[in-house]
Amino acid sequence: MRWWIICIILLGTAQSITADPILIGMHCQSSYLRSGIAISVGSYKVCADDKVLFTIHAGQNADITAVSGKVNIFYSGKNYTSNKKLTFRAEEPSEFKAQPAGHKASSRIYKGELIAFSINGHLQLVNKVDIEDYVGGVIEAESGSGQQLEYYKVQAVISRTYALNNRTRHVGDGYEICDATHCQVYHGKPRHEPLAVKAAAATEDIVIVDHQINLITAAFHSNCGGKTINAEEAWSKPVSYLVGRPDTFCLSMPNHQWEKRIPREKWQSYLKQKRSSNDMASADGVIIGEYNPMFCHDSTLYIPLRTMRTDLKLRSTHFNISHQGEEVVFKGKGFGHGVGLCQEGAMHMAQLGGSYEDIIHFYYTDVHLIPRHMLWFFKD
Ligand SMILES: [Zn+2]
Ligand SMILES: [Zn+2]
């Protein structure tokens, strides 16, 4: 189909994009029974199992507790009980704060709605939030502040693609995605970096797909050390868009090189533990290929570098080893698994004026950026 026809269709459907809420598990790294809720903007109708209990307004508080599989809410001197779940339905654009018991005072502010239920003996809070507001929050939580707008746009598209590709990850938990590193870090709406919201809005609805128009797994890492690697080198299975390539953009960035020293004794006992026999004859004579991505070897011992990275807490699998006196010195490049997008390279490309599209096409092979609501069209 000609591109001008596609453009007309896209323009014609642009108005039909409707808000798409996503369910995010809150404070998923810990377990708690009680949480304070404070309304900061607007108002909410609080419902127990779909029956309206009361309306709570900005400046008011409530206390939610999980008890024997039910949820209690204490508000304005009265206790209410819900058998299944409590829902805070927004009457207008509204925001709230949540303060689970045992957490240090939180300044997290959430847009959208709140759902609370009891599961596995604890209280679970869920933020039902528009996906674009969610993406803005993830950008700040994952990337911090002080970066270029184009870099934040890259993170926006990656985070949106991830969220839409993983909506069933927590299907048994009562929400879609958690707010911890297991999925993507999310601490509510961004508070320090105004460009996070701008980046989400500027890339609204855009996702990354592969040549078969499937949402990609947009792998990324901190710094590739000068060359990204194929997916199969890190995870054994090839992926069409995760193909290694040289990258000079990250060479001047902070995580490009690293060094770690360990006592020779510790190194020898590590090799001894890895060796099936107790023959230590060649322990000092370890030869490492020049940044060999797969194996560390001498004549008798092979240790996958991935294993060595985990065991010895090294920053990457891209390293050489030398012996200096009573120490063994690891000199390496990069930080992370090296597959897909190199964050520091992407930051530098953005500083040099690269667009978010340029950056994504540089690190992911043969991918397309398309509006999510048009996936069906390109699939056909
Ligand atoms: Zn998760
Ligand atoms: Zn790089």
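Select helix H3 (residues 149–165) and helix H9 (residues 356–363): their axes come within 8 Å and cross at roughly 55°. Axes here are lines fitted to C-alpha atoms, for helices over the stretch in contact, and angles run from 0 to 180 degrees between N-to-C directions. Helices (H or I, at least four residues) and strands (E, at least two) are DSSP runs, numbered from the N terminus.

This is a predicted model, where local features need pLDDT of at least 70, side-chain atom pairs count only at pLDDT 80 or more, and totals for chains, interfaces and linings use all residues. Residues are numbered from 1 along each chain as its sequence is written, chains are lettered from A and ligands numbered from 1 in the order in which they are written, and side-chain values use heavy atoms, with hydrogens and water left out.

Stay with the first pair. H3 and H9 are therefore oblique to each other (under 35 degrees is roughly parallel, over 145 roughly antiparallel, 65 to 115 roughly perpendicular, the rest oblique). Now show the side chains. From H3, Glu150, Lys153, Val154 and Val157 meet Tyr356, Ile359 and Ile360 of H9 (contact means heavy atoms within 4.5 Å). This contact has 5 nonpolar, no polar and 2 charged residues (Ala, Val, Leu, Ile, Met, Phe, Trp, Tyr, Cys and Pro are nonpolar; Asp, Glu, Lys and Arg charged; the others, Gly among them, polar).

Next, select helix H2 (residues 131–143) and helix H4 (residues 194–202). They pack at about 135°, with axes 8 Å apart. That makes H2 oblique to H4. Look for Glu132, Val135, Gly136, Ile139 and Glu140 in H2, which meet Ala196, Ala199 and Ala200 in H4. The contact of H2 with H4 has 5 nonpolar, 1 polar and 2 charged residues.

Move to the zinc ion (ligand 1). His170 (NE2), Cys178 (SG), His182 (ND1) and Cys183 (SG) coordinate this ion at 2.0 to 2.3 Å (donors are N, O and S atoms within 2.8 Å of the metal, or 3.2 Å for Na, K and Ca). The 4 donor atoms around ligand 1 subtend angles of 100 to 119°, which makes the arrangement tetrahedral (four donors, all angles between 85 and 135 degrees).

Last stop: the zinc ion (ligand 2). Its donors are Cys224 (SG), Asp247 (OD), Cys250 (SG) and Cys342 (SG), at 2.0 to 2.3 Å. Their spacing in sequence is C-x22-D-x2-C-x91-C. Cys250 sits in the loop between helix H5 (231–235) and strand E16 (257–263), and Cys342 in strand E21 (residues 341–342), so the pair ties together parts 92 residues apart in sequence.

Technical notes: Four donors count as tetrahedral if all angles lie between 85 and 135 degrees; four count as square planar and six as octahedral if opposite donors are over 155 degrees apart and all others between 65 and 115; anything else is irregular.
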